[in-house]
Amino acid sequence: TSFEFAVQMPYVALERAGSVQQMAARHVTHVVAFPLVAPGDVLVGMLAIELSWPEASGRAAIPRGAWVEQIELACVATAAHLTVLPRARKVTSAARDPLLPVVGAKMSALVEALRVFAGQGETILLTGPTGSGKTQLARWCHAQSTREDGPFHTANLLAVEDGMQMADLFGWRKGAFTGASSDYDGLVAEAHGGTLFLDEIDKLSLKAQAGLLRFLETRRYTPLGGTRDREANVRFLVGTNADLRELVARGAFREDLYYRIHVLPVQLPPLSERTDEIPDWVRVFLARRHLESSRVHGASITDDAIALLTRARWPGNLRQVDNVVRRSYAFALVRAGGERGAPSLGLDDVTRALSLEGASLDGSSSPHDADLDGLDAIARAVVDTAIERRRRGEIVDLATLEGLVGGVLREASERLGSVKNAYLLFGASTLVENRNHTKSYKRELEKWDALRALASRSKDRDDDDAP
């Protein structure tokens, strides 16, 4: 095995360890690598130490002793010194980026390190819980890079069947499989000269992992059904909420691919560790939702509603906050009689939305304020927004709708005449192409009907208890 360290980081320059013959000439038997970790758990470099350890030659061995602990402590101190990053720098409103409008104390050092990482061509591995903002950060990294004028594409591997993942990435030729009525270049070709964000990479099949590894090593690939290799100049950003090392240990993820993508790993903290960001994110999501329907500013939210949202638990992170704000907005419109204008979200609207979401203060579900008319009103409001945005050439992503998907899809399919058109309205063309939209529709309707039944039982109990 060749021990070759090609890591070249800001402030840290590591020489290549060289070939096996060169290492043997120096009597090197083992190489120990110590990570340099900056504040925010960001890897900024590596210290490699060569050992001459004849007794352990030919097998993996872990050196022990006080010197190991001393080097580890020195690495921590060195990383903190070399990165010269503030541990907690609150970004002022004037410095905010449209792609990253809120940066709290916990995220400040991480974002500054990512700004440096973005300028390089290496793969960035974004790990963190679902909904913590990995896709948004990936877009931001692309915008900060030298490829900013190139395309940016996202591959959501969770939405693609295992057998179609290779084809989705590398394309296919006409007739390669049933339904392949024309050529498709694939996401890698579409991202040529730019960036491709592979979200949920832990869902990549072992076959697709092999294809991706080959491309990362050679920059060449072959479309499904094709006979000639193609080349593409693409930078990869990778996202996951899984422990890839554990998947490697279980044989569910290729070890060689893991080391190929584990170049610049960055761990995003959950929203529970970034509560100072919640008020600002609520205002950002509210302004965004209002602009979608009216294109003007003016929507507001009361201080007591903000305080309630800040105290709530958010297992779904930022995506869940966005959902609750959208539902609160819909309830505010219903309360105002559906009048267009600039609604003011109050405590009642937010409480109702939280109970429906199951994100109450103690984390339990308590839908006592939910009613069937309210649920249908939300579905109608979301579909109205989606149709309006589609007319403007925009897309509403189904993934942002969470538990409301079933009702929204039912409403959209009735309005547009088919389930297929409902999925296409929300940009889920991959599900339609793979003919998975029917199964998805059935699952989402089951969730929606269960939610309606729960709301109905809650309303019946309230009626029975009424004096």
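**A walk around helices H3 and H4**

Start by selecting the buried residues of helix H4: what covers them includes helix H3, strand E5 (124-127), strand E6 (152-156), strand E7 (195-199) and strand E10 (235-240). Contact here means heavy atoms within 4.5 Å. The helices (H or I, at least four residues) and strands (E, at least two) are DSSP runs, numbered from the N terminus.

Before you click on, keep in mind that this is a predicted model, in which local features need pLDDT of at least 70, side-chain atom pairs count only at pLDDT 80 or more, and totals for chains, interfaces and linings use all residues. Residues are numbered from 1 along each chain as its sequence is written, and side-chain values use heavy atoms, with hydrogens and water left out.

**Stop 1: H4 itself**

Which residues of H4 (residues 134-144) are buried? Color Lys134, Leu137, Ala138, Trp140, Cys141 and His142. Buried stands for under 20% relative accessible area, exposed for over 50%, and partly exposed for anything in between (1.4 Å probe, protein chains only).

**Stop 2: over to H3**

Now select residues 105-118, which make up H3. This helix has 14 residues and reaches 20 Å from its first C-alpha to its last, close to the 20 Å expected at 1.5 Å a residue. The expected span is 1.5 Å times one less than the number of residues. Because 10 of its 14 residues are buried, H3 is largely enclosed by the rest of the structure. To see the buried ones, show Met107, Ser108, Ala109, Leu110, Val111, Glu112, Ala113, Leu114, Phe117 and Ala118.

**Stop 3: where the two helices meet**

Show H3 and H4 together: their axes come within 8 Å and cross at roughly 45°. Axes are lines fitted to C-alpha atoms, for helices over the stretch in contact, and angles run from 0 to 180 degrees between N-to-C directions. H3 and H4 are therefore oblique to each other; under 35 degrees would count as roughly parallel, over 145 as roughly antiparallel, 65 to 115 as roughly perpendicular, and the rest is oblique.

**Stop 4: two positive phi angles**

Jump to Glu200, in the loop between E7 and helix H7 (206-218). Glu200 has a positive phi of about 55° although it is not a glycine, and it is buried, with a relative accessible area of 12%.

**Stop 5**

Select Leu247 in helix H8 (residues 244-249). Not counting residues up to four places away in sequence, Leu247 touches Asp202, Ala242, Ala252 and Phe253. Leu247 and Asp202 are 45 residues apart in sequence but 8.0 Å apart in space, C-alpha to C-alpha.

Finish at Ser440 in helix H18 (residues 437-465). Buried or exposed? Ser440 is buried, at 8% relative accessible area. Leaving aside neighbours within four places in sequence, Ser440 is in contact with Tyr423 and Leu431.
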